[in-house]
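Me: I'm new to this one and could use a hand reading it. Can we go through it together?

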Amino acid sequence: MKPSPLDDELPTHLAAFQILDRLDSVSVKKPPTLFTIFRLYCVQRMTVAQIARRCRCSVGTISNRLHLIQSKIGIHPAAIKNAPRPMPDQSEAGKQPKFELENRP
């Protein structure tokens with residue numbers, strides 16, 4: 001039996017869920033949440049200054065949240081942000097499930 005392309009991605013998906021679980025377990029007293037910072041910084045690849053403007057908070061708050069994320073997941077978020085991303089294969093686009101993060105202000 002030929003392995004599915006999703007089988008190759010399973011470790012990556014599991015790692016992502018572990019990261020999200022760790023971020024979800026930490027609550028901060030004021031917004032923005034760790035998940036928001038993770039999404040904007042790592043997924044949308046925004047800069048610290050851009051995130052601070054968007055979230056209407058200080059650059060220091062964003063930097064502190066990034067350090068907290070690092071302590072929870074074990075690696076600096078910049079390693080995730082700067083990791084190469086595979087280009088989607090257009091011939092397989094209809095066959096692969098889409099996992100899109102919701103854009104929240």
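Me: Which residues in the largest nonpolar core touch the most other members?

Reply: A nonpolar core is a set of buried Ala, Val, Leu, Ile, Met, Phe, Trp, Tyr and Cys residues joined through side-chain atoms within 4.5 Å, and buried means under 20% relative accessible area with a 1.4 Å probe, protein chains only. Here the core has 18 residues, and Leu23, Tyr41, Ile51, Ile62, Leu66 and Ile69 touch the most other members. α2 supplies the largest share, 6 residues. One caution: this is a predicted model, where local features need pLDDT of at least 70, side-chain atom pairs count only at pLDDT 80 or more, and totals for chains, interfaces and linings use all residues. Residues are numbered from 1 along each chain as its sequence is written, and side-chain values use heavy atoms, leaving out hydrogens and water.

Me: At what angle do α2 and α4 pack?

Reply: Axes are lines fitted to C-alpha atoms, over the stretch in contact for helices, and angles run from 0 to 180 degrees between N-to-C directions. α2 (residues 34-43) and α4 (residues 59-73) pack at about 95 degrees, with axes 10 Å apart. They are therefore roughly perpendicular, a label for 65 to 115 degrees.

Me: What does tyrosine 41 contact, leaving aside its neighbours within four places in sequence?

Reply: Contact means heavy atoms within 4.5 Å. Tyrosine 41 contacts Met46, Val48, Ile51, Leu66, His76, Pro77, Ala78 and Lys81.

Key: Helix = DSSP H or I, 4+ residues; strand = E, 2+ residues; numbered from the N terminus. Parallel < 35°, antiparallel > 145°, perpendicular 65-115°, else oblique. Buried < 20%, exposed > 50% of the residue type's maximum accessible area, 1.4 Å probe, protein only.
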